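Please load the model in your viewer and keep the selection panel open. We will go stop by stop.

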Amino acid sequence: MKKLMIAMIAGSILAGVNAHAQEAAARPQWTDSIKVKGDIRTRFESIDEEGKDTRDRARIRARLGAHAKVNDEVDAAIALASGSDDPVSTNETLDGGFSTKDIRLDLAYIDLHPELLGGGSVILGKMNMPFIAVNDLQWDGDLNPEGAALNLELPAGDTVKLLVNGGAFWVEERSSDDETMLYGAQIAADVKTDELKLTAGASYFLYDNIEGFAPIFDAEDSFGNSVIESEDGDLTYANEYEIVELFAKVGFDAGLPVTISGNYVVNQDADDNDTGYMVGIKLGKLKDPGSFDFGYSYRELEADAVLGVYADSDIGGGGSDIKGSKLSAGYQFAKNLSGNVSYFISQKGVDDGVDYDRIQIDLIAKF
């Protein structure tokens with residue numbers, strides 16, 4: 001009897017081991033090296049612009065991406081997103097008689113991080129923003145530049161490290177004329193202690209071959225930048241753009257998480273209307289169900305401080321030559337499900353502009 005029981009137990013163990021082995025063998029090996037994630041956002045939006053009828057619309061955003069570990073020193077990623085070819089928006093407006101909506105390539109890059117870089121990376125392709133952006137004064141959150149970037153982390157102590165970022169990006173390639181390029185360099189100190197987190201630094205961005213060329217993305221819209229109009233009605237940029245930026249962000253706990261951020265930009269190639277700044281504060285953090293956050297920010301962005309086509313697309317209708325405030329509140333309803341309300345009180349035109357108010361109500365599901 002004892003021998004029979006031992007045989008039965010041994011058989012059960014062997015059967016379990018065999019079943020687990022068969023399950024592992026049946027599972028495709030690519031599932032061990034590829035991570036898939038995405039999100040869907042639904043939005044109701046109301047826009048009240050001085051001199052125009054109020055515009056109400058419903059919008060959606062859908063994104064799906066895959067990140068693959070090619071080997072220990074190489075990663076690759078690809079992502080699709082809803083929207084048109086607008087570089088700073090992946091939204092789709094719900095209209096057109098229930099028509100199908102566009103899906104486009106949003107990310108496609110190779111991330112090389114050999115051991116000799118000590119945790120740094122060389123990124124090639126269409127990538128997430130490789131520079132530190134403490135807010136969206138210069139770069140809209142949906143902008144994914146295209147080219148080559150270098151990100152380095154250099155330890156400078158137990159609580160401090162230096163961040164060095166650089167890159168070259170193809171803005172506009174022309175078959176019969178010079179291409180427009182963006183070159184960038186950035187250095188920052190990153191400090192983390194038990195009491196606070198601080199990131200502060202400086203950036204330098206140079207657009208090569210901008211002045212005298214048609215506005216980027218939309219030849220009929222400079223998104224706030226100064227232009228020269230020809231007799232035929234064609235527009236060309238009136239300035240080059242050589243931008244210096246100072247930025248800082250600090251976070252600490254005051255009974256709830258607090259983050260304060262700010263930056264200042266100046267275009268050294270414009271004679272006037274060449275500066276911009278933004279300051280903001282955020283209280284709380286969305287994490288566990290029932291958590292919340294509140295935010296407030298204020299900005300002034302003169303016409304030629306940055307390239308308008310890449311600035312935030314929401315406040316003031318998007319672009320440069322705007323000023324105003326943003327108030328926001330978010331709530332975490334459940335795991336991977338949150339809501340947010342944003343209210344923009346702004347002005348299109350820093351001097352003697354028109355009022356432009358906007359309300360956005362979002363529901364976001366992540367997976």
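**Before you start**

This is a predicted model, in which local features need pLDDT of at least 70 and side-chain atom pairs count only at pLDDT 80 or more, while totals for chains, interfaces and linings use all residues. Residues are numbered from 1 along each chain as its sequence is written, and side-chain values use heavy atoms, with hydrogens and water left out.

**Stop 1: the whole chain**

Show the C-alpha trace. Along the principal axes, the C-alpha atoms fill a box of roughly 100 × 50 × 50 Å. Switch to cartoon: there are one helix and 19 strands (DSSP runs numbered from the N terminus; helices are H or I with at least four residues, strands E with at least two).

The accessible surface is about 20,400 Å², and 56% of it belongs to carbon and sulfur atoms (Shrake-Rupley method, 1.4 Å probe). Of the 367 residues, 38% are buried (buried is under 20% relative accessible area, exposed over 50%, partly exposed in between; 1.4 Å probe, protein chains only). Among contacts with a separation of 6 or more, 53% join residues 24 or more positions apart (a contact means heavy atoms within 4.5 Å).

**Stop 2**

In soluble globular proteins, nonpolar side chains tend to be buried together.

Centre on Leu307. Beyond four places in sequence, Leu307 contacts Tyr207, Ile210, Ile216, Asn225, Tyr237, Tyr241 and Ile243.

**Stop 3**

Is Val134 buried or exposed? Val134 counts as buried because its relative accessibility is 14%. Its contacts beyond four places in sequence are Phe247, Ala248, Lys249, Ser261, Gly262 and Asn263.

Val134 also lines the largest cavity, together with Ala133, Asn135, Leu137, Gln138, Trp139, Glu245 and Asn263. That cavity holds about 30 Å³. On a 1 Å grid over the protein atoms alone, a cavity is a set of points where a 1.4 Å probe fits but cannot get out; a pocket is an open set with protein on both sides within 12 Å along at least five of seven lines; lining residues have an atom within 4 Å of a point. The cavity lining has four nonpolar, three polar and one charged residue.

**Stop 3: a pocket**

Select Asp85, Pro87, Lys126, Asn144 and Glu146. Of the 27 residues lining the second largest pocket, these lie nearest its centre. The pocket holds about 530 Å³. β8 gives the most to its lining, with four residues. By class, the lining has 14 nonpolar, five polar and eight charged residues.

**Stop 4: Asp355**

Finish in strand β19 (residues 354-366), where Asp355 lies. Asp355 is partly exposed, at 41% relative accessible area. Beyond four places in sequence, Asp355 touches Asp48, Glu49, Glu50, Ser346 and Gln347.

How values were computed
Grid points are joined across faces, edges and corners, and a volume is the space filled by probe spheres set on the points. Ala, Val, Leu, Ile, Met, Phe, Trp, Tyr, Cys and Pro count as nonpolar, Asp, Glu, Lys and Arg as charged, and the others, Gly among them, as polar.
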